[in-house]
Amino acid sequence: MTTTPQRLFIDGEWTEPADGHYEVVDPATEETVGFAPEASRAQVCEAAAAARDAFATWSRTRPEERAAILDRAADLMQRDFLANAALAQAESGATTGTARGMQVAVGAARFRRYAKGALEPVEEAVPPQINEAGPMGRAGIFGALAVRQPVGVVTCITSYNNPWANPAGKIAPALAMGNTVVVKPAPQDPLSVYRMAEALAEAGVPAGVVNVVSGSAPGVGEAAVDSPDVDMVSFTGSTSVGQRIAEICGRSMKRQLMELGGKGAAVVLDDADLDSAVAGIGTTFSFYSGQICTAPTRVLVQRGVHDALIEKLTAYAGYLTVGDPRAKGTVVGPVISAAHRDRIESYVELGRKEGARIVTGGERPEPTGRGFYVAPTLLADCTNDMRVVREEIFGPVVVVVPFDDEEEGIALANDSDYGLIDYVWSGDVARAFRVARRLRAGGVGVNTIGRNMEAPFGGFKRSGVGRDVGSYALHAYSETQSIVWPG
């Protein structure tokens, strides 16, 4: 799709990679999309040093100037909308609607949101305090301000499932707050992130403020994390990788924002609207082909409606067209790679061995020819101790566990290493909210999988550290400083 090998973006310059290039593969066709640069450790450190040098000036630019650059970048992303979406689709295997509406469009929208965010107040008055005379000085009334300051240099390590929205959700608020960034894209689909960097450069972002370095080898990400010029790491990805990053950050007390794995519980109570529940849960089969950490993959259903829910979910899966994501009518495209397809299939086989019943799916869809496709799969007769119930599969696989009463359902939902987003379906809204308040998750959807994009986003337990989205992202990419003075 792109014949010219991509170059790194370091200190405002397009730079030849020291370690050559590697092939980016279209998951739908297994054809070459393009060639991504393989940065050396020295080049990653060079990018971090450039970000450090640029920070002093960028952090002091007027908020209006930062806002204007972010707005112009969004305009340029929109100008090249169809080309950007075609590249995102080729790299990630997303369907046309997803590549356009949920990847590029959301990415551009996030830059617009944080153009406005750059203008949000960063000072908050603290009520004055009356102090008696004592060892700390004379009596007096002391005023105070809480001021949000940029953290410094932020390394942004992005996920492969959305090469536009995920990087934008890190880069835009970080820049809005006056930080500079080193972006390390996911190795599977980095070319879209370079397209984003092109838009930022054309929009007038100063040299060194945004740097993009990629690589298929782990050393590139490791260098981007442990560089002494880096003050914070923002990571979206697996819990296991997040733990390793956190260990490195802990050595020098680097700030962290971690959006990690999920195994979202969908608690379906016996008074639920089952069609609504199925429509929500069924998105696991289709949206990003199940490659999304917020998916309701772990269905906990009250026994009175268990069989009816299984029947409806099976029918839902049967309506989903699996195939070429560019073809009209396709709902389920490929997963990101052959290795990931094999991993998902191994989990389905593990579920079979553990005693789960494969209601639908479980076999590679035919005929698909080339491409990394997985059939929407429903596993029933599951128990909470099965690995397919406890571990994140990250594919179009739903597991179903029955429960008897509300207390058991809550206990099962909370019996998990993860706690990103859970869901509750009930015809009694008061009951649903009562259950929601007891779930140990960073977010809970009540009778919906929809999200409010100003609400805080992040996880409990091994699903992450910190919160972002909306104004919470501006807080995440800032330190709070207090300034005190005598009245």
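Predicted model: local features only at pLDDT ≥ 70, side-chain atom pairs only at ≥ 80, totals over all residues.
**Stop 1: helix 1 and alanine 47**

Select residues 41–58. This is helix 1, and alanine 47 lies in it. Is alanine 47 buried or exposed? Alanine 47 counts as buried because its relative accessibility is 0%, and the cut-off for buried is under 20%. Now show what surrounds alanine 47. Leaving out residues up to four places away in sequence, alanine 47 touches Ile10, Val182, Asn211 and Val213. Aspartate 229 and alanine 47 are 182 residues apart in sequence, yet their C-alpha atoms are 9.4 Å apart in space.

**Stop 2: helix 6**

Select residues 191–203, the 13 residues of helix 6. From first C-alpha to last, helix 6 reaches 19 Å, close to the expected 18 Å. Colour its buried residues: Leu191, Ser192, Val193, Tyr194, Met196, Ala197, Ala199, Leu200 and Ala203. Step on to glycine 204, which follows helix 6 and has a positive phi, near 105°.

**Stop 3**

Centre on leucine 175. Not counting residues up to four places away in sequence, leucine 175 touches Trp58, Arg66, Leu70, Val181, Leu200, Val209 and Val210. In soluble globular proteins, nonpolar side chains tend to be buried together.

**Stop 4: serine 463**

Go to the loop between strand 20 (460–461) and strand 21 (464–465), where serine 463 is found. Serine 463 has 0% relative accessibility, so it counts as buried. Which backbone nitrogens lie by its side chain? The nitrogen of glycine 419 lies 2.9 Å from a polar atom of the serine 463 side chain. The nitrogen of leucine 420 lies 3.3 Å from a polar atom of that side chain. Beyond neighbours within four places in sequence, serine 463 is in contact with Met258, Glu259, Leu260, Gly261, Gly262, Tyr418, Gly419 and Leu420.

**Stop 5: the cavities**

How many cavities of 30 Å³ or more does the structure hold? There are two. The largest cavity holds about 70 Å³ of space. To see its lining, select Glu345, Val348, Gly361, Gly362, Glu363, Arg364, Val374, Ala375 and Thr377.

Definitions and conventions. Residues numbered from 1 in each chain as written. Heavy atoms only, no water. Helix = DSSP H or I, 4+ residues; strand = E, 2+ residues; numbered from the N terminus. Buried < 20%, exposed > 50% of the residue type's maximum accessible area, 1.4 Å probe, protein only. Polar contact = N/O pair within 3.5 Å; in protein donor to acceptor, adjacent residues only side chain to side chain. Contact = heavy atoms within 4.5 Å. Expected span 1.5 Å × (residues − 1). 1 Å grid on protein atoms, 1.4 Å probe; cavity = no way out; pocket = protein on both sides within 12 Å on 5 of 7 lines; lining within 4 Å. Points joined across faces, edges and corners; volume = space filled by probe spheres on them.
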